Amino acid sequence: MPAPNCALVLGPGGPAGAAWTAGLAHGLRGLGVDLAAADLVVGTSAGAIVGAALATGRDLALLADPASSGGAPPPRPDRRLLGEVFAVLGAGLPPEEARVRVGRIALGAADPDAEQALVTTRRRLIGTDDWPAGRRLLVPAVTAETGESVVFDRDSGVPLATAVAASSAFPGAAPPVAVGGLHYVDGALRSGANLDLAAGARTVVLLDPMARQDPGPQAASVTGAQTVVTLFPDEAAAAVFGPDPTDPSAWAPAFRAGRQQAAAARGQLAGVWSAGTA
C-alpha cells in the first residue's frame with residue numbers, strides 16, 4: 001500500500017480528551033477544515049472513538065453530550081484498580097513487562113456484562129459497526145494475556161465498535177474486551193498516541209489531549225514526516241478537563257472548549273492540511 005500523503009493521529013485522554021478532540025474536529029469542519037479528509041487515521045483510546053466517527057462520516061455534533069442521547073451513563077472508575085495500574089506504569093519496568101502486569105490486573109476485573117455495555121456505548125457514539133471503505137483507519141490495542149500489541153483495521157474481521165471498545169478499555173476505567181478468545185485493553189499502553197503508525201506520511205496532524213506543550217521536532221523524528229502539527233488543549237480547555245481525565249461529567253464542557261479552540265487551530269493548520277490532502 002502506498003505511503004499516505006497526510007495522516008491524522010488522535011491520542012488518548014479519557015472522556016474529556018475524547019470530547020475535546022470531537023469538539024475541535026467539529027469546530028474545524030464548520031470552518032472549512034475537514035480532518036476526515038486524511039488518507040490515514042490512527043485513533044488510540046479516546047482518539048479511537050473520534051477517529052472512527054470521523055472516518056465513517058459521523059456528524060460530530062452528535063458527540064456534543066452523549067448523556068443527552070438517553071444512553072446509560074458510563075460506570076464510575078474503580079479507583080483501587082486505577083491505583084494498581086498507575087503504580088505498575090510508574091515503577092520503571094520495561095514496557096513489555098509493564099503491559100503484562102497491567103494485563104493481569106485487567107483480566108482480574110473481566111466482566112462480560114460490563115464489556116457488552118462498553119461495546120454498546122462505543123457503537124452508540126460512532127454510529128456503526130462497519131469500518132470505513134474510503135480511507136485507512138488503524139485502531140491499536142494491547143493483548144491482556146500476553147502484553148503484545150495489535151492494530152485493528154478493516155481486514156481484522158473485528159466489528160468497528162468492538163475494536164474501538166478494546167482500544168479504549170483502560171483497566172480500572174473499563175473492562176477488557178474479548179475478541180477471538182483473547183482479551184484486549186487500552187491501545188495507549190502500546191505507545192501513547194502511537195505516532196509511529198503514521199510513519200511514511202508526508203504530513204501528520206496530531207491531536208493530543210494529554211499534551212500541554214508542542215513536542216516540536218521530536219514528533220517529526222518519530223514519524224519521519226516533512227511536517228508535523230500538534231494540536232493540544234489550550235489553557236481554557238485544560239482548565240475544563242480538571243484533575244481527573246476519567247470523569248465523564250467533563251464531556252460536555254470539554255466538547256465546547258474544543259469547538260471554541262477551532263479558530264486558533266485553523267490558523268495552525270493554514271496551508272498544511274490543504275497541502276497534505278491535495
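Visitor: Which residues in the largest nonpolar core touch the most other members?
Guide: Bear in mind that this is a predicted model. The residues are Leu8, Leu35, Leu54, Phe152, Leu207, Leu269 and Trp273, out of 63 in that core.

Visitor: What does Leu269 touch, leaving out residues up to four places away in sequence?
Guide: Leu28, Val33, Leu35, Val205, Val229 and Leu231. Contact here means heavy atoms within 4.5 Å, so each of those residues has to meet that cut-off with Leu269. There's also a second, separate core of 15 residues, with Ala7, Leu40, Ala201 and Ala219 among them.

Visitor: On to helix α3. Which of its residues are buried?
Guide: In α3, residues 79-89, they are Leu81, Leu82, Val85 and Val88. Buried means under 20% relative accessible area, so each of the four falls below that cut-off.

Visitor: How do you know where on the helix the buried residues of α3 lie?
Guide: Look down the axis: they fall within an arc of 125 degrees, so they line one face of α3. What covers them includes α4, residues 95-108.

Visitor: And what makes Asp78 a cap for α3?
Guide: One of its side-chain oxygens lies 3.1 Å from the backbone nitrogen of Arg80, at the N-terminal end of the helix. The cut-off for a polar contact is 3.5 Å, so that pair is within it.

Visitor: Which helix gives the largest share of the lining of the second largest pocket?
Guide: Helix α8, residues 217-223, with three residues. The pocket's volume is about 260 Å³. Of its 13 lining residues, Leu195, Leu206, Asp208, Pro215 and Gln218 are the closest to the centre.

How values were computed: Residues numbered from 1 in each chain as written. Predicted model: local features only at pLDDT ≥ 70, side-chain atom pairs only at ≥ 80, totals over all residues. Heavy atoms only, no water. Buried < 20%, exposed > 50% of the residue type's maximum accessible area, 1.4 Å probe, protein only. Helix = DSSP H or I, 4+ residues; strand = E, 2+ residues; numbered from the N terminus. Arc of directions from axis to C-beta. Polar contact = N/O pair within 3.5 Å; in protein donor to acceptor, adjacent residues only side chain to side chain. Core = buried A, V, L, I, M, F, W, Y, C linked by side-chain atoms within 4.5 Å. 1 Å grid on protein atoms, 1.4 Å probe; cavity = no way out; pocket = protein on both sides within 12 Å on 5 of 7 lines; lining within 4 Å. Points joined across faces, edges and corners; volume = space filled by probe spheres on them.
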